[in-house]
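Student: I would like to learn how to read the features of a helical model with care. Could you take me through them one at a time, giving the general idea before the case at hand?

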Amino acid sequence: MDATTAGLVVLFVVSLVPVLPTEVTLLGMGVAAAQHGTSLAVVIAVASFGCLLSDQALYALGRFGGARVLARLGRRRKLAAGLTWLDGRLQRHPRPVLVVARWLPSGGTIGALLAGSLRWRFTEFLTASAVGVLLWTSYVAFLGYAGGQLVAEPGLSLALSLTIAVLLGSAITIGIRRHAAPSTAP
């Protein structure tokens, strides 16, 4: 097995398991696409397929035991703001919110669990999940690709891409935390 195939297998496995670092792995494969001729379309397709399968498993988990799982996740401070934001909006604007949730830390995981526990119709969830996954994996892969094009040294290009991803993710998270915080005004 050559390095490209091995990298794609690792990417698929990482994107399939919600607790593994999909973003970092996808950024690295985006850098590889820029510097070693790996097909960016294949990288996006592999990551999208793994994330989509993961979402469906999480949806099923949410459907058949989501309240307990969500209660446990809500106790984790880092996830509580995202959970509050998602929970308050999924019932009003379900599809767009699920798509946007992918940019939150653990947002795809929480969104899929919430959708299952709220008993969304499977076809609606699958559509929103597919759109969100494709947009998110494309965004992250393109960040890695851009870093790989801008900086020739793979480690530095990955660091640059990761720094940009962390900054953008932090800005989104801060904005959502501010928006999710309870108002103190009367």
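**Reading the contacts and the helices**

Tutor: Among contacts in the protein between residues at least 6 apart in sequence, 74% join residues at least 24 apart, where contact means heavy atoms within 4.5 Å. This is a predicted model, in which local features need pLDDT of at least 70 and side-chain atom pairs count only at pLDDT 80 or more, whereas totals for chains, interfaces and linings use all residues. Residues are numbered from 1 along each chain as its sequence is written, and side-chain values use heavy atoms, with hydrogens and water left out.

Student: What does the secondary structure of the protein come to?

Tutor: Helices (H or I, at least four residues) and strands (E, at least two) are DSSP runs, numbered from the N terminus. Here the secondary structure comes to eight helices and zero strands, so that from the N terminus on the elements run α-α-α-α-α-α-α-α.

Student: At what angle do helix 2 and helix 7 pack?

Tutor: Axes are lines fitted to C-alpha atoms, for helices over the stretch in contact, and angles run from 0 to 180 degrees between N-to-C directions. Angles under 35 degrees count as roughly parallel, over 145 as roughly antiparallel, 65 to 115 as roughly perpendicular and the rest as oblique. Helix 2 (residues 22-36) and helix 7 (residues 122-150) pack at an angle of about 50°, with their axes 7 Å apart, which makes helix 2 oblique to helix 7.

Student: Which residues of helix 2 and helix 7 make the contact?

Tutor: On helix 2 they include Leu26, Leu27, Gly30 and Val31, and on helix 7 they include Val140, Ala141, Gly144 and Tyr145. For sorting such residues, Ala, Val, Leu, Ile, Met, Phe, Trp, Tyr, Cys and Pro count as nonpolar, Asp, Glu, Lys and Arg as charged, and the others, Gly among them, as polar. The residues of this contact divide into ten nonpolar, seven polar and one charged.

Student: How many aromatic pairs does a search of the whole structure find?

Tutor: Rings of Phe, Tyr and Trp (its six-membered ring) pair if their centres lie within 6.5 Å; planes under 30 degrees apart count as stacked, over 60 as edge-to-face and the rest as tilted. The search finds four aromatic pairs, and one of them joins Phe12 and Phe49, stacked at 5.9 Å centre to centre with 20° between the planes. Because Phe12 lies in helix 1 (residues 3-16) and Phe49 in helix 3 (residues 40-74), this pair ties together parts that are 37 residues apart in sequence.

Student: Is Tyr59 buried or exposed?

Tutor: Buried means under 20% relative accessible area, exposed over 50%, and partly exposed in between (1.4 Å probe, protein chains only). Phe12 is partly exposed at 25%, as is Phe49 at 49%, whereas Tyr59 is buried, and so is Phe125. Tyr59 and Phe125 form a stacked aromatic pair, 4.7 Å centre to centre with 20° between the planes. Since Tyr59 lies in helix 3 and Phe125 in helix 7, the pair ties together parts that are 66 residues apart in sequence. Ring pairs also link Tyr59, Trp120, Phe122 and Phe125 into a cluster.

Student: Which residues does Leu52 touch, not counting residues up to four places away in sequence?

Tutor: Leu52, placed in helix 3, touches Leu126, Ser129, Ala130 and Val133 on that count. The C-alpha atoms of Leu52 and Val133 are separated by 6.5 Å, although the two residues are 81 residues apart along the chain.
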